[in-house]
Amino acid sequence: MTSAAFDLAAIGAGLSFAAALDDVTAALDDSSSVVVSAPPGTGKTTLVPPLLASRLPGRVIVTQPRRVAARAAARRLAELDGSPLGARVGFTVRGERAVGQDTRVEFVTAGVLLRRMLDDPALDGVDGVVIDEVHERALETDLLVGLLSEVRELRDDLVVVAMSATLDAERIASVIGTDDSPAPVVAHDVPAFPLTERWAPSPVPRLDERGVTWAFLDHVARTATDATEELVRRDPGADVLVFAPGVREVSEIARRIRAATSAFDVRELHGQMPPAEQDAVIRGREAHDPARIVVTTSLAESSLTVPGVRLVVDTCLARHPRLDTGRGMTGLVTAAAPRSSCVQRAGRATRQGPGSVIRCVDERTYAAAPARPVAEIAVADLVDAALLLACWGAPGAAGLRMIDPLPADHLADAVRVLRGLGAVDADGRATAEGRALARFPTDPRLARALRDGSPVVGAGLAAEIVALLAGDLRVSEVDAARAIVTLRGGGTPDSRRWRSDARRLERMVEPTPGIRPDLEGTGLVIALAFPERIARRVESGPEGATFLLASGTRAAVQGPLSGAPWIAVADVSRASGRATAGSGAIVRSAAALSEAQMERAAGHLLTDRVEADLVGGRVQARRERRLGAILRSSAPVRASAQESRDAVRRALPREGLGLFTWSAAADALRRRLALLHRELGEPWPDVSDAGLLADPDAWLAPELDALASGTPAARLDLATALRRLLPWPEATRFDELAPERLEVPSGSRIRIDHPPHDDPAARPVVAVKLQECFGWADTPRLVDGRVPVLFHLLSPAGRPLAVTDDLASFWSGPYAQVRAEMRGRYPKHPWPEDPWAAVPTRHTKNRAAR
C-alpha cells in the first residue's frame, strides 16, 4: 500500500473545515477516538479521511448512511486528490465497487462494513474508521458504533472518528471513548450568512390516509416556480433547492414545475438515480446555463452538497423509518420533518452567501414538529440487526457500548422471527443456518425466500418476487403475480428500480438454468419469507372474502384472490369500513398458494395432535391438524389417560376452584386453615384461590386424576384434599388452635362460624343464647389467645340481643339494659344481676347448638 501523504492544503482549499485540521490533529495525538461536529458543507467529510490516511499506515474506511453519499464523497475526494477513482480513493456500496490494492481511503455504507466485520472482526489492514452522519441515528450506524467499541478493546491502535452536522457530541464521546475518559470533541463553527425565513402555508392538507396529497404538491410546485422567477431577476446565478419527503414526491413536483415553465433547468436528486445523473447535479452549472431548480429528498440535507443554492423551498415533510406491521419489516412513513432537519435544509441556502428559506407550513405547524429525529433503533424492525449481533457473538447487543439500548419488545419480536427461521438457538446464539442467511445483504426472511425459492421457481423469478417484497413500491394490484407482470412491462422509476434490485438479488444465488419460471410459484416464495402469513379463506361474501392468517389475524381480500382457498400474504394493514368485512384489516398484496406449496414453505408450523379439554366437567378430545392458528381438520377421538390429565390441569387455572363443588365441611375446613395462615403464617398453608392454584398437585392430585378418569366434579371430596395440606407436627394442635366448635359454660358445643378465606378483617363468630354464657367473665380467644371470638348473643327465642367481643365490658354495661327489657318478656328464664358469677342455663333446643 502506497505511503504517499495526501496534499491536505490543496484538497482543503476553499473549505471552511481546513481551519479545524490542527485541532483534529491535536486531538488524535492524545486519543485514538475523536468526535467531530461541524455544519454540513464545511468539508469535514472531504478532509478528515485523508488526514487520517496521512497519519496511519493502513487503510481508512469512511461510512455513509446512503450509497449515493458514499459514491459522491469518494468521487469528490479522488477529484481533489488528482487520482483516478479506485486508486488512492475508492468506494464500495451494494452492487458496486471501485477499490484497488493501493486504496488508502475507502468510502462504504455502514451495512457493507458491518457484514465485512462478520468475516474479519479485527479489521486487518484497516487502521482508521470514520463514522459520518452519526446525527441521523441510522440503525446500522448505531450498530457499527457498538461493534467498533468492542473491536477497540482488542485493538488500541484502531482510530475511530465520529462525525456529524448536528451531534449530541458529549453523549457520543462517552460511548466511543474509554471507561476512564470520553473521546475529545472538536467542534467547528462557521459564521452563518444571513438567512431570511418566509412562510407559505398550503390552503389544503399536506397529508391524508394515502400519503402526501396531490393538491399540496401543486402548492409546492407553484411556490417554487414563483419564488425562482423572483430570485433569478435579482440574482441570475442563484439556484433553488426544493426538499420533498420521497422519490415519488420529487418526481411529481419536478413534473409540475416543468409543465408550468421551461425557463429553468429542473433536476431531480435522490438515491435511486443513476450515479452519472447524481454527479451532474452535484457538479453545479456553468454561468451561461439557465437557473436550476433541484428537487431532492433529505439526501441533500447533509450527505450531499449542491452548489449555487440561494433559496430553499421546504415541504417540512420527511420519510421516517418505522416498523411496518403490514410487511413485518421496517418501512417508511411520511410525517413532519424534525425541526433540526429543517434547520439543516435551510442552511443549504447560506453556505456561500445570504439566502432564504420558504417553508410550506405556518409557524404554528412548524413549532409543533419534533425537535429532533427519533433514533431508528427505537422504531425499526430489528430482525436483521438481531441476527447480525447474534453472529457477532453479542445477542441483543449484550456487552456492547451502544448509544441507546435495543427496545426489549422489538428485540423479543425479532428473536421470535429468527427462531422460526432456525437462525438462532434457544439462547439467542446464531446457528449455522443463521450465519448462512447473514451472508445475504437483505432481511433474513427475504434471504431465506431467495435462497430456498430459487431452486423451485428459478433464480430470476425468485429475485423478482423478493425485490417486490423488499421494495417500497407503489403497485395497485393485490395479486403479487400480476404486479410482477406490470412491473416487467412498466417504464416508471419504480419499475426500473425494481428490475435493478432483482438483477442484484439474482447474482446472490446459484444460477438455475434448468428451471422454467412460473408465476404460480409467487405464493411459494412469499410463504417462504412469511410463513406466519399463510392464510386460509374462512368466509365469503359479495364484496370479497375473509382469510385467517397462521398468526391468528383475520383480514379481508377483494378481487380475484378472494376466491382462492389459500394465499400467501405479503402486505396486510389495519383498515376500517365495508372493505374489511368486519375483520379490521385488509390484504394489500398476496398470491395464491396450493396446499402442497403451503406444506413445503411452513412445515415447521404444521401440527397434528390430539387436543383435549374439560367441557362441562368432563374431558372431551379431538384430533386437530393445524397450521399455526388455522384449523385444517378436526375429528373426535378418545383421549389417553395422560391427555385427560393434561386437559384437567390446563383447565384448572382457567376455570379456577369454582370448577368444584365445595361441601359445607370443605368450606369450614378451608376457613379454619385460612385463619391460622393469617395469624401464624408458615407452615400453615395459604388456602386462597391463588395459593391453592399455585401447586394443585400438592393437595389435589388424586381428585384431578379422578376427574380425568370421568368422575364428575360434584362427587369429589375437597375436605379430604385440603387435609393433605396440614403441616406436621403442627397439625396435632389444629383443633386446639382453630376448633370447629366452642364449648360454652352451659356445656353446649356451639359451632364456630370462621371468617371467609378471602376476608382478612373478619373474625370468628359464635351465635349463642345469652343464658348459656352466664359464668363467663372474659371473652374466649382462639389461636393461642390471638383472636377474640365475636359473640352474637341471642334471646331465649333465638332473636339477636347484642354483638360483642368483650364479655366483661358487656356484663358491666349494656347487659343491665338488656336485662331490664328482657326479664319481663321472658320471665321464666334467669336474668341475674351478676351474670359472670351465675350458673348458666342450658337450652337443649338451642338452634345454634344444633
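Select D404 and R137 to begin, and you will find their side chains joined in a salt bridge with 2.7 Å from N to O, in what is a predicted model. The pair ties together distant parts of the chain, 267 residues apart, with D404 in the loop between α14 (383-392) and α15 (408-421) and R137 in the loop between β6 (126-131) and α6. Both D404 and R137 are buried.

On the α5 side, select A110, G111, L113, L114 and M117, which meet E140, T141, L143, L144, L147, L148 and V151 of α6. Coloured by residue class, this contact divides into nine nonpolar, two polar and one charged.

Leaving aside residues up to four places away in sequence, I526 touches I465, L469, A480, A568, V569, A570, A590 and A591.

Return, finally, to the salt bridges, of which the structure holds 56. Select R248 and E249, whose side chains meet at 3.4 Å, N to O; R248 is partly exposed at a relative accessible area of 21%, whereas E249, at 1%, is buried. Then select E624 and R626, where the closest N and O atoms of the salt bridge are 3.0 Å apart.

Note on methods
Residues are numbered from 1 along each chain as its sequence is written. This is a predicted model: local features need pLDDT of at least 70, side-chain atom pairs count only at pLDDT 80 or more; totals for chains, interfaces and linings use all residues. Side-chain values use heavy atoms; hydrogens and water are left out. Contact means heavy atoms within 4.5 Å. Helices (H or I, at least four residues) and strands (E, at least two) are DSSP runs, numbered from the N terminus. Ala, Val, Leu, Ile, Met, Phe, Trp, Tyr, Cys and Pro count as nonpolar, Asp, Glu, Lys and Arg as charged, and the others, Gly among them, as polar. A salt bridge is a side-chain nitrogen of Lys or Arg within 4 Å of a carboxyl oxygen of Asp or Glu. Buried means under 20% relative accessible area, exposed over 50%, partly exposed in between (1.4 Å probe, protein chains only).
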